[in-house]
Amino acid sequence: MSLRLSTVILPVHRWNEGGRDQWLRAEELGFHTAYTYDHLAWRTFRDGPWFGAVPTLTAAATVTERLRLGTLVTSPNFRHPVTLAKELISLDDISGGRITLGIGAGGNGFDATTLLKGDEEPWTPRERADRFGEFVPLLDRLLTEDAVTYEGTFYSAREARNIPGCAQRPRLPFAVAATGPRGLRLAARHGQAWVTTGDPKLYESGTPEESREAIRGQVDKLGKACAEAGRDVAELDKILLTGFTPDRNRPLESLDAFVDFAGRHQELGFTELAVHWPIAGSDFAADQSVFEQIATEAIAQLG
C-alpha cells in the first residue's frame with residue numbers, strides 16, 4: 001500500500017482568526033486526513049487558546065469536501081461512550097462520512113486531573129487500560145447497533161438509541177493508539193488502523209536508529225495480536241504520529257530530510273504519516289513554505 005500523508009491541526013486559533021483557513025489549506029494541499037487533538041488542555045498550550053475537538057471538526061466538515069477528518073486521539077479520560085457515540089454519529093453525518101476516530105487509553109496530563117474532586121487521584125496506567133478495554137467494545141456496539149443496553153464495571157448504557165447510525169458502514173473507522181499488549185489486542189479486534197508515536201523512553205536520549213528498531217518491535221507485536229484474533233495484520237492501516245521520536249521536528253527541515261524519514265518508516269510497514277501543522281514558538285515550529293512543499297511533493301518521491 002502506498003504511503004499517505006496527513007496533518008494534525010492543533011485547535012489553538014479562533015475559527016475566524018486563522019482556524020478556518022488552516023483546514024481549507026490542508027484540503028488544498030492534498031493531505032489525506034487532517035486530525036486534531038481531543039484534550040481539555042495540552043502541555044505548553046494550557047494557558048493559551050484551546051478549542052474543543054468535536055465542534056472544531058464539525059466546523060471543518062462544513063467548509064471542506066474531500067479531506068478526511070478525525071481525532072488523534074480521543075480517550076476515556078473525560079469521555080463517556082454513550083455521549084461520544086451520539087456526537088460521532090452526528091459528525092459523520094455532517095461530514096458526509098469523512099470521520100476517523102483516533103482513540104487511546106489517555107495519559108496523566110490535564111485531561112486526567114481537571115475533573116477530579118477533592119482528594120481523588122488520577123487513574124493509574126492499569127486503571128486507564130481497564131477502562132479503555134471496556135470503552136472501545138461498548139463504543140463499537142453503540143455505533144453499529146440501533147439500541148444498546150450494557151452494564152459494565154465502569155460504563156453502562158440503558159436502551160441507548162443511536163438511529164440512524166454512522167454515514168460510514170458499518171461504522172466510522174477506529175484508529176487505535178496502543179503499544180502495550182492489552183491495547184494492541186483492542187486494535188486487532190476493533191481497529192481499522194493502529195497508531196503509534198514510537199517509544200517515549202527514547203525521545204530524550206535515544207537515536208533515530210534505536211527508535212526505528214523499537215517501532216519495528218511494536219509492529220511485530222501488532223502482528224502477533226492480529227494473529228491471535230484471527231485477523232490479517234495487513235488489514236490495518238499503520239499510522240505514525242510524528243514529532244515524538246528522537247528525530248523530533250527535523251524531518252520537516254527540508255523535503256529531502258522528510259523523504260528520507262518517511263521512506264525509512266514506510267519500510268517498517270507504515271501506511272500513513274501524520275505531521276503537525278507548524279506553530280511558531282512551539283515544539284512544532286517549522287517553515288511553512290517547506291511544510292507545504294513536503295505536503296505536495298514528498299509522497300511522489302517515495303514511489
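1. Two strands count as paired if DSSP finds at least two bridges between them, and helices (H or I, at least four residues) and strands (E, at least two) are DSSP runs, numbered from the N terminus. With that in hand, threonine 36 has threonine 71 in strand 3 as its bridge partner. Strand 2 (residues 33-36) and strand 3 (residues 68-74) run parallel and pair over four bridges.

2. A friendly word on ground rules: this is a predicted model, in which local features need pLDDT of at least 70 and side-chain atom pairs count only at pLDDT 80 or more, while totals for chains, interfaces and linings use all residues. Residues are numbered from 1 along each chain as its sequence is written, and side-chain values use heavy atoms, with hydrogens and water left out.

3. Now the overall fold. Eight strands close into a barrel with parallel pairing, in the order 1-2-3-4-7-8-9-10. On average, neighbouring strands of this sheet are turned by 25° against each other, direction ignored; axes here are lines fitted to C-alpha atoms, for helices over the stretch in contact, and angles run from 0 to 180 degrees between N-to-C directions.

4. Helix 1 (residues 15-29) lies across strand 1 (4-8), strand 2 and strand 3, and runs at about 150° to strand 2. Helix 2 (residues 53-63) packs on the sheet and touches strand 2 and strand 3, with its direction at about 170° to that of strand 3. Contact means heavy atoms within 4.5 Å.

5. Most peptide bonds are trans, and most residues other than glycine have a negative phi. A cis peptide bond joins isoleucine 163 and proline 164, with omega about 15°. Another cis bond links arginine 169 to proline 170, where omega is about 5°. Proline 164 sits in the loop between strand 6 (156-161) and strand 7 (174-177), and proline 170 also lies in the loop between strand 6 and strand 7.

6. Positive phi values come up too. Glutamate 159, in strand 6, has a phi near 50° without being a glycine. Its relative accessibility is 52%, so glutamate 159 counts as exposed (buried means under 20% relative accessible area, exposed over 50%, partly exposed in between, with a 1.4 Å probe and protein chains only).

7. Arginine 248 has a positive phi of about 50° and is likewise not a glycine. Arginine 248 belongs to the loop between strand 9 (237-241) and helix 8 (255-266), and with a relative accessible area of 31% it is partly exposed.
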